[in-house]
Amino acid sequence: MKRNLLDLDAAGLAAFFEELGEKPFRARQVLKWLHQSGEGDFAKMSDLAKSLREKLAGAARVHAPTVVGDTLAADGTRKWLMKVDTANAIEAVFIPETSRGTLCVSSQAGCVLDCAFCSTGKQGFNRNLSTGEIIGQLWLANNLLREKKEERIISNVVMMGMGEPMLNLDNVIPALRLMLDDNAYGLSRRRVTVSTAGVIPGMDRLRDECPVALAISLHAPNDALRDQLVPVNRKYPLRELIAACNRYLDKAPRDFVTFEYVMLDGVNDSLEHARELAALSRRVRCKYNLIPFNPFPNSEFRRSDAERIRRFAEVLAGAGVTVTTRKTRGDDIAAACGQLAGDVADRTRRSARRVALKEVRA
C-alpha cells in the first residue's frame, strides 16, 4: 500500500526518503510543499526532479479526511464534517476573531470518557485517529480557507474537538510536531493547546516529548462532584491531577495551566463552588476559563444564567485568580464547546446501553 505522507512528521519523512534512496533535504522540500503550500499532487512539486516525482507517485500518496459537510454560523464560525472512513466522521471548527484564527481539531472518532455534559461522549467511541487524519484537518482547513480567500489565517490550534488526546499520543505527538515545525506550519508552542480531562500518564508523556500549552477540563472543584461529571476523575483524582499539572509546568511554554469550567445551572455554579476553585488555584499556577454550557439533544443540563456566571467570576477575581468567560461561538450550527458529535460507529455500544437503561427506568 502507498504510504500516506500526512502520517509522517519531519523525522518520519526523512526515514521514508532514506528508504527510497533519496537525500535528506528532499524530505524538507516535500514537507514544505505538503504543509506550507497545501499541495497534494506530486506532479506539481516543481523543484523536485521528474524522476523523484514519478517515484513518489508510485510509492506514496497524500490522503486527508473527506469533507462531507461545511456549515457557516452567523458569527463566522465554520464547522466541517470530515469522513475518515466508511463508518466514521469527525468534526473540526474554525473560529475567526479580530486578532487570530483558531482551529479546533479532533483526535478520536468519538470519546471513551463519557463526560456527563459533552455531546461527543454520548456518541460513544470507535477508534483513534491517525496522524494523517489529525494533521489532515489542519491541512484541509488551510486549503479551504485559501479557496475562499479568507483574510484570517489559522494562527492557533486547539485540540479540543472530539476525543481525549492523551489516549492517542502515538498519533497526536507527530501531528503536534508538524504544527510546530518551521518547514510545515511553524506555530509557536504557546499557540498550540492540548486539552485533557486529566489522563495523567499522557500528561507526563506530553511534557517529556512535545510540551505545548495545556488545558484541563476541570468542571468541578472537588472529587465528589467531579467523579459524577468527569468519570476519569475516579482513576485520577484532583490531588494527583494538580501534582501532574505542576510537573507539566516545569517544561510548559506558558507559566500557567488553563482550567476549563463549564457552567451548569444548579450543579457546579454556586458561590461556594467558586470559593473552592479559588482555594484550588493556590496549589497550582492557573487561570480559569468559564464556559457557558452549550445544550445538545437529550441533555439533562441547563446553562447557568449570565448573572450567576458574573457573580461566580467575581468571587474568583476577588481572590486574585485570573478568570475569563468564554464567548459562545457557533452554537447555532452545534459547533460550540461540548457540542461536537460527528458520526461515530460506536463500538462501545454506549448509546444502545443508554437507550436500554431509559426503557428499563420507564
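Asp114 lies in the loop that joins β7 (108-110) to α4 (119-122); helices here are DSSP runs of H or I with at least four residues, strands are runs of E with at least two, and both are numbered from the N terminus. The model is predicted, so local features need pLDDT of at least 70 and side-chain atom pairs count only at pLDDT 80 or more, while totals for chains, interfaces and linings use all residues. Residues are numbered from 1 along each chain as its sequence is written, and side-chain values use heavy atoms, with hydrogens and water left out.

Asp114 is not a glycine, yet its phi is positive, at about 55°. Its relative accessibility of 22% makes Asp114 partly exposed; buried means under 20% relative accessible area, exposed means over 50%, and partly exposed is in between, with a 1.4 Å probe and protein chains only. A positive phi, of about 70°, also occurs at His219, again not a glycine. His219 sits in the loop between β11 (213-217) and α8, and at a relative accessible area of 5% it is buried.

Cys115 is buried as well, with a relative accessible area of 13%. How many disulfides does a search of the whole structure find? The search finds zero, a disulfide being a pair of cysteine sulfur atoms within 2.5 Å. For Cys115, the closest cysteine sulfur belongs to Cys118 and is 6.4 Å away, which is too far for a bond. For Cys286, the closest cysteine sulfur is that of Cys245, and the separation of 8.5 Å is likewise too far for a bond. Cys286 is buried, with a relative accessible area of 13%.

Helix α4 contains Gly121, which counts as buried at 3% relative accessibility.

Met160 is partly exposed, at 27% relative accessibility. Its C-alpha atom is 8.4 Å from that of Ser107, 53 residues away along the chain.

The loop between β9 (156-159) and α6 also holds Met162. Is Met162 buried or exposed? At 0% relative accessibility, Met162 counts as buried. The C-alpha atoms of Met162 and Ala92 are separated by 8.4 Å, and the two residues are 70 apart along the chain. Ala92 can also be placed relative to Asp70: these two are 22 residues apart in sequence and 9.9 Å apart in space, C-alpha to C-alpha. Asp70 belongs to strand β3 (residues 66-72) and is partly exposed, with a relative accessible area of 41%. Leaving out residues up to four places away in sequence, Asp70 touches Arg78, Lys79 and Trp80.

The next topic is helix packing. Two packed helices are described by the angle between their axes and the distance between the axes. Helix α7 (residues 200-209) packs with helix α9 (residues 238-249) at an angle of about 5°, and their axes are 9 Å apart. The axes are lines fitted to C-alpha atoms, for helices over the stretch in contact, and angles run from 0 to 180 degrees between N-to-C directions. The two helices are therefore roughly parallel; this term covers angles under 35 degrees, with over 145 counting as roughly antiparallel, 65 to 115 as roughly perpendicular and the rest as oblique.

On the α7 side, Ile200, Met203, Asp204, Leu206 and Arg207 meet Glu240, Leu241, Ala244, Cys245, Arg247 and Tyr248 of α9. These contact residues divide into seven nonpolar, no polar and four charged. Ala, Val, Leu, Ile, Met, Phe, Trp, Tyr, Cys and Pro count as nonpolar, Asp, Glu, Lys and Arg as charged, and the others, Gly among them, as polar. The buried residues in α7 are Ile200, Gly202, Met203, Asp204, Leu206 and Arg207, and they pack against α6 (169-180), β10 (192-196), β11 and α9.

In helix α10 (residues 271-280), His273, Ala274, Leu277, Ala278 and Leu280 are buried. They lie on the same side of α10, because they cover an arc of only 155° around the axis, taken from the directions from the helix axis to the C-beta atoms. Their cover includes α8 (223-229), α9, β12 (257-263), β13 (286-292) and α11 (306-318).

Key:
Contact = heavy atoms within 4.5 Å.
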